Amino acid sequence: MPIINAYLLEESCMGGMNNCVAVGLSPEHLAHIFPFHFCLNRDLVPVQVGRSLQRLVPALMNGKPITHFLSVEHPKSIVDFDSILAHLDELFVMWFAHPDLRLRGQMVHLAEQEKVLFLGSPWMTEMATLQKLGLTRADFSLIDPAVDLLGVLEAQESALSDVMLFARELTRQ
């Protein structure tokens, strides 16, 4: 499993990234911080998958290219490793058919390992998606605002429903 290098910000780092101290992130730490991540080799075969994504799509680690499991909705022209590299500065939106799961995030090139790393999380527009997928708050990183934003959306939908009910009662009177 690849070790992901991060950079520890020190005073010496303020002069630029060349002065930073490399700090490795173990696969366990990466899976904890990004439970929906995956790392692909040049053949687009997953070599590492986050704990929550692994639970939802266990077949990801069966040695087949990830294209057997998902379609890339954005950017449109992703067909191989090099096309991923050509779009590193873009938002990636991917859809897994089974389960009905949409992920959004970014790709990072791990040049020294000849791999790409997807860092992202589910893209949901309603709380029902969480329940349908069997996801709980524990499936997400503490820093992922997705579940919190869904809670706000649910409260807004509830308030709108109450206002519409109140408006109907007023028109009956």
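Contact is taken here to mean heavy atoms within 4.5 Å. The structure described is a predicted model, and the confidence of the prediction is therefore considered before the local features, since pLDDT expresses the predictor's confidence in each residue, from 0 to 100. The protein chain has an average pLDDT of 85, and 87% of the residues score at least 70. Among the elements of the chain, the lowest mean pLDDT, 47, belongs to strand 1 (residues 4–8), whereas helix 3 (residues 81–85) has the highest, 97. Over residues 6–12 the pLDDT stays under 50, and for this stretch the model has 13 contacts beyond four places in sequence.

Aspartate 139 was examined individually. This residue is placed in the loop that runs between helix 4 (127–133) and helix 5 (146–172). Its relative accessible area is 9%, and because buried means under 20%, aspartate 139 is classed as buried. When residues up to four places away in sequence are not counted, aspartate 139 touches Pro35, Phe36, Arg51, Ser52, Arg55 and Gly134. With one of these residues, arginine 55, the side chain of aspartate 139 also makes a polar contact, side chain to side chain, at 3.0 Å.

The largest pocket holds about 360 Å³ of space. Its lining is made up of 20 residues, of which Gly120, Ser121, Asp144, Pro145 and Ala146 are the closest to the pocket centre. At least two lining residues are supplied by each of strand 7 (101–110), strand 8 (115–122) and helix 5, and strand 8 provides the largest share, with four residues.

Strand 7 and helix 4 each contribute at least two residues to the lining of the second largest pocket, with the largest share, three residues, coming from helix 4. The lining of the second largest pocket divides into six nonpolar, two polar and three charged residues.

Methods: Residues numbered from 1 in each chain as written. Predicted model: local features only at pLDDT ≥ 70, side-chain atom pairs only at ≥ 80, totals over all residues. Heavy atoms only, no water. Buried < 20%, exposed > 50% of the residue type's maximum accessible area, 1.4 Å probe, protein only. Polar contact = N/O pair within 3.5 Å; in protein donor to acceptor, adjacent residues only side chain to side chain. 1 Å grid on protein atoms, 1.4 Å probe; cavity = no way out; pocket = protein on both sides within 12 Å on 5 of 7 lines; lining within 4 Å. Points joined across faces, edges and corners; volume = space filled by probe spheres on them. Nonpolar A, V, L, I, M, F, W, Y, C, P; charged D, E, K, R; others polar.
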